[in-house]
Amino acid sequence: MIYPYKGKIPKISDTAFIADYVTITGDVEIGDESSIWFNTVIRGDVAPTIIGKRVNIQDNSVLHQSPNNPLILEDDVTVGHQVILHSCILRKKAFIGMGSTILDSAEIGEGAFIGAGSLVPKGKKIPPNTLAFGRPVKVIRELGPEDLADMERVRREYVEKGQYYRALQQNQNQ
């Protein structure tokens, strides 16, 4: 379901895939070839949510904000299943493991990987191209070529899957 909120209407690229049972409200932008998967909620009723190109937000995730503190996901970000994002910044090619929570004003560096089940506290900064996990999160090590290649594989597969399902949706609606 797509809902306006106080005059703000979600802006969703024509090439994005929005799965069934997704709810998107208010001041939300979703870029080209991004995919929002089943049962995800994106509420733009407090501050803007900006989602770049080729971002995948997997099933059962929740995205929201605090006043005057937008939620920003740059291009090529992967967000695993059941992730909570709240007024944070995810830089290009960041990868968020399933079940993680990232709180207000936290910033995940370009190409950083947050391990499954992690808690990134308010204001925490994770350096680029590092692996971090835990509750609270701690930086463990720099990512190697194999890590980066696997992250790229997942990103690419989600763009492909999203476009497959988008075409399926379009055929069903004709």
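Predicted model: local features only at pLDDT ≥ 70, side-chain atom pairs only at ≥ 80, totals over all residues.
I started with helix α1: at 1.5 Å a residue, its 28 residues should span 40 Å, and the end C-alpha atoms are 41 Å apart, which agrees. The expected span here is 1.5 Å times one less than the number of residues. Helices (H or I, at least four residues) and strands (E, at least two) are DSSP runs numbered from the N terminus.

Residues are numbered from 1 along each chain as its sequence is written, and side-chain values use heavy atoms, with hydrogens and water left out.

**Helix α1**

I looked up which residues of α1 are buried (under 20% relative accessible area; exposed is over 50%, partly exposed is in between; 1.4 Å probe, protein chains only). They are Met151, Val154, Arg155, Tyr158, Val159, Gly162 and Arg166. What do they pack against? I found β3, β5 (35-36), β7 (56-57), β10 (78-79), β13 (95-96) and β16, with contact meaning heavy atoms within 4.5 Å.

Next I checked Leu168, also in α1 (residues 145-172). Leu168 counts as partly exposed because its relative accessibility is 35%. With Tyr164 and Tyr165, Leu168 forms a nonpolar surface patch of about 300 Å² accessible area together. Such a patch takes residues with over 30% relative accessible area and no salt bridge, joining nonpolar side chains (Val, Leu, Ile, Met, Phe, Trp, Tyr) within 5 Å and like charges within 9 Å. The areas come from the Shrake-Rupley method with a 1.4 Å probe, and only the protein chains shown count as cover for residues. A salt bridge is a side-chain nitrogen of Lys or Arg within 4 Å of a carboxyl oxygen of Asp or Glu.

**The sheet**

I traced an open sheet of eight strands, ordered β3-β5-β7-β10-β13-β16-β19-β20, with mixed pairing. β3 (17-18) and β20 stand at the edges with a single partner strand each, so one side of each has no neighbour in the sheet. Two strands pair if DSSP finds at least two bridges between them.

I then followed β19 (residues 130-134), which pairs with β20 (residues 137-142) in the antiparallel sense over five bridges. The two form a hairpin with two residues between them, and Gly134 has Val137 as its bridge partner. β16 (residues 113-114) runs parallel to β19, joined by two bridges; here Phe113 stands opposite Leu131.

**Ile84**

Last, I visited Ile84 in strand β11 (residues 84-86). Ile84 touches Val62, Ser100, Thr101 and Ile102, leaving out residues up to four places away in sequence.
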